[in-house]
Amino acid sequence: VIGDSHIGLKDGDESKMVSWLERLRAAKPTALYLNGDVFHYFIGNPNFITSSVERVFEKLQQLRDEGTAIHYVEGNRDFFVKGSIAEKAVSEVSTASTIQAGDKRYFVIHGDMINDRDLPYRFWRYASKNIITRLAVGLIPKKTARRFVDSVEKKLARSNFKHKTRLPVELMEAYGRARANEGIDVVVLGHFHHKLVLDTGPATVAVLPAWFIGGEAMRISPTTGAYEFVVV
């Protein structure tokens, strides 16, 4: 399971991920879970697809076709994934995914929505990801779309992706307790870019490190249900 790889959209930005996926092939994992924000941002309209995006999905499709299930869990920077090049290259696109490993049940979700009181953010997410916005994005000419891609890429290149200095630990713990009531043993979050493990009592909340920083992933044993953080 990896989160927040934030791959750039320019030619060559995908090389680190492609190399990592090649090493992963040798390990022949049962499944790979992409827990949101695979790219700096992904808009699933052909006008916004770059060669960097295409090469990543080509490699993911190869991995899937060789027997590794690929689960794409949407993050806050993922727009209109279903029906796009992404969905054609992976096994599943969802907003959350459940893993049964041994006697443990894992719940993989990006985590940007755990604060159910953040109404402005929830409104923005709804407004940016509905069918009307999708149709409007489809009307943008390809040249304009590519200029937009280049503009955003330059801004993101100057960003260090720092998140809040204070993590919403209380919200994470409350979310873990709520999922435990549904039979979940481990909640796996991304989004926050800080590796953290919280024992909420009935369930564990594990926050993934941002993959783009150190290439670190969570490896789950399908037989014992135990997990560890590794660099492939």
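Buried residues (under 20% relative accessible area, with exposed meaning over 50% and partly exposed in between; 1.4 Å probe, protein chains only) make up 49% of the 232 residues in the protein. The model is predicted: local features need pLDDT of at least 70, side-chain atom pairs count only at pLDDT 80 or more, and totals for chains, interfaces and linings use all residues. Residues are numbered from 1 along each chain as its sequence is written, and side-chain values use heavy atoms, with hydrogens and water left out.

The protein has eight helices and 12 strands. These elements are DSSP runs numbered from the N terminus (helices, H or I, at least four residues; strands, E, at least two). The C-alpha trace spans about 55 × 45 × 30 Å along its principal axes. The radius of gyration is 17 Å, which agrees with the value near 17 Å for a compact globule of 232 residues. This radius is taken over C-alpha atoms, and the globule rule is 2.2 Å times the number of residues to the power 0.38.

The largest pocket holds about 460 Å³ of space. Of its 21 lining residues, P29, T30, A31, R219 and I220 are the closest to its centre. Two or more lining residues come from each of α1 (15-27), β1 (31-35), β6 (96-101), β11 (216-220) and β12 (227-231). Strand β11 gives the largest share, four residues. By class, the lining has 17 nonpolar, three polar and one charged residues. Here Ala, Val, Leu, Ile, Met, Phe, Trp, Tyr, Cys and Pro count as nonpolar, Asp, Glu, Lys and Arg as charged, and the others, Gly among them, as polar. A pocket is an open set of points on a 1 Å grid over the protein atoms alone, where a 1.4 Å probe fits, with protein on both sides within 12 Å along at least five of seven lines; lining residues have an atom within 4 Å of a point. Grid points are joined across faces, edges and corners, and the volume is the space filled by probe spheres set on the points.

D112 lies in the loop between β7 (104-109) and α4. D112 is buried, with a relative accessible area of 11%. Its side chain makes a polar contact with the side chain of Y121 (2.4 Å). A polar contact also joins the side chains of D112 and R125 (2.4 Å). Such a contact is a pair of N or O atoms within 3.5 Å; within protein, one must be able to donate a hydrogen and the other to accept it, and residues adjacent in sequence count only if both atoms are side-chain atoms. Leaving out residues up to four places away in sequence, D112 touches N76, Y121, R125 and H191.

S128 is found in helix α4 (residues 119-128). S128 is buried, at 12% relative accessibility. A polar atom of the S128 side chain lies 3.2 Å from the backbone oxygen of R125. Beyond four places in sequence, S128 touches F79, F80 and T133.

F48 sits in the loop between β2 (42-43) and α2 (51-65). At 5% relative accessibility, F48 counts as buried. Beyond four places in sequence, F48 touches I43, V137, I140, A145, F148 and V149. L135, in helix α5 (residues 131-138), is exposed, with a relative accessible area of 57%.

Technical notes
Contact = heavy atoms within 4.5 Å.
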